[in-house]
Amino acid sequence: MEQRIVLYASDGMVLTDGEHYGKVIFLADGVTPDKYYEITETEYQAILDEQERQNNLLYGL
Amino acid sequence: MSIAEKLQTIAENSPKVYEAGKAKQEYDFWKELQDRTENYSGSTYLFAGEVWIDDNFKPVQDIVLKGNSNYAFSNNITNLKRILENRGVKLNTSNVTSAMYLFYYSDSTEVPELDLSKATTIYAIFYQSPKVQSVDKLILSNKCTNYSSAFTNATGLTHCIFEGEIVATLDIHWSTLLDKASITSLINTLSTTTSGLTVTLSKTAVNAAFETASGLADGSTSAEWLALAQTKSNWTITLS
């Protein structure tokens, strides 16, 4: 069985490919880790806050 | 019986007659409402709005949603499942084709089974619904290709059994209390034939659900979880 690549974010960091975010990422078969990079948890929270702000604008909240 | 006795009997029965009349009027209203709306091709906004609360939600026959059913239950009912059970009626969603915002900002702690096997989208279905704690079953099919914002801020969700086939990227990381049965069913429902897709779960939920001993919160590294994740190696599984 092909070994599945699992990425683990460093302490205080979050992994992302620019679209998905996580602390632990089980890559699908054939996906390489190249497109993933780390951002800080603070940066991640800022992204989540901005997404929520955009959603609130979208939904007229 | 004397006139006085008759008048006494009438007075004693008057409240019962009043209540019976009120109940009949209520029944007639709901029968008419439901019969008429069942003839529509869609159920958009059917029971949407703050006006709908437990006290006035009194269906008298099965509720049949169909077609475009966006926002249909975006309301202040606090336990849809219990109310339907108490009234002996069911919710039929098997002919819903769009379930966008279906339980948007819902106050319902318990939601009955939702057969959305004909739905092409469940966009924002539980968006901003932290009060929703359980969904008996969510049946999806490969017709559904839009899961965006489906569980955004569904922070109270502890139980939601998935069934059918999931064929699009799904993010449920806000549901940090999701139980083991729900997570297992979600993974099992991921399509085996797609590629390039991602499912994002809460690491907290996985750690708790699959922990190897009470309190260890080590589920994401457990053999059981790793074996489950491996069953869908065509998916990128992200724990957030």
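Student: Which residues line the largest cavity?
Tutor: This is a predicted model, where local features need pLDDT of at least 70, side-chain atom pairs count only at pLDDT 80 or more, and totals for chains, interfaces and linings use all residues. Residues are numbered from 1 along each chain as its sequence is written, chains are lettered from A in the order in which they are written, and side-chain values use heavy atoms, leaving out hydrogens and water. A cavity is a set of points on a 1 Å grid over the protein atoms alone where a 1.4 Å probe fits but cannot get out, and lining residues have an atom within 4 Å of a point. Here they are B:Gln34, B:Thr37, B:Glu38, B:Ser43, B:Leu46, B:Phe47, B:Asp62, B:Ile63 and B:Val64.

Student: Which element gives the most to that lining?
Tutor: Helix H1 (3-38) and strand S1 (63-68) of chain B each supply at least two residues; helices (H or I, at least four residues) and strands (E, at least two) are DSSP runs, numbered from the N terminus. The top contributor, with three residues, is H1(B).

Student: How many residues of chain B are in contact with chain A?
Tutor: Contact means heavy atoms within 4.5 Å. On the chain A side 22 residues take part, and on the chain B side the number is 28.

Student: How many salt bridges does the rule find across that interface?
Tutor: The rule wants a side-chain nitrogen of Lys or Arg within 4 Å of a carboxyl oxygen of Asp or Glu. Between chain A and chain B, the number found is zero.

Student: Then which element gives the most to the side of chain A that touches chain B?
Tutor: Strand S3 (21-22), strand S4 (24-26) and helix H1 (41-58) of chain A each give two or more residues. With five residues, the one giving the most is H1(A).

Note on methods:
1 Å grid on protein atoms, 1.4 Å probe; cavity = no way out; pocket = protein on both sides within 12 Å on 5 of 7 lines; lining within 4 Å.
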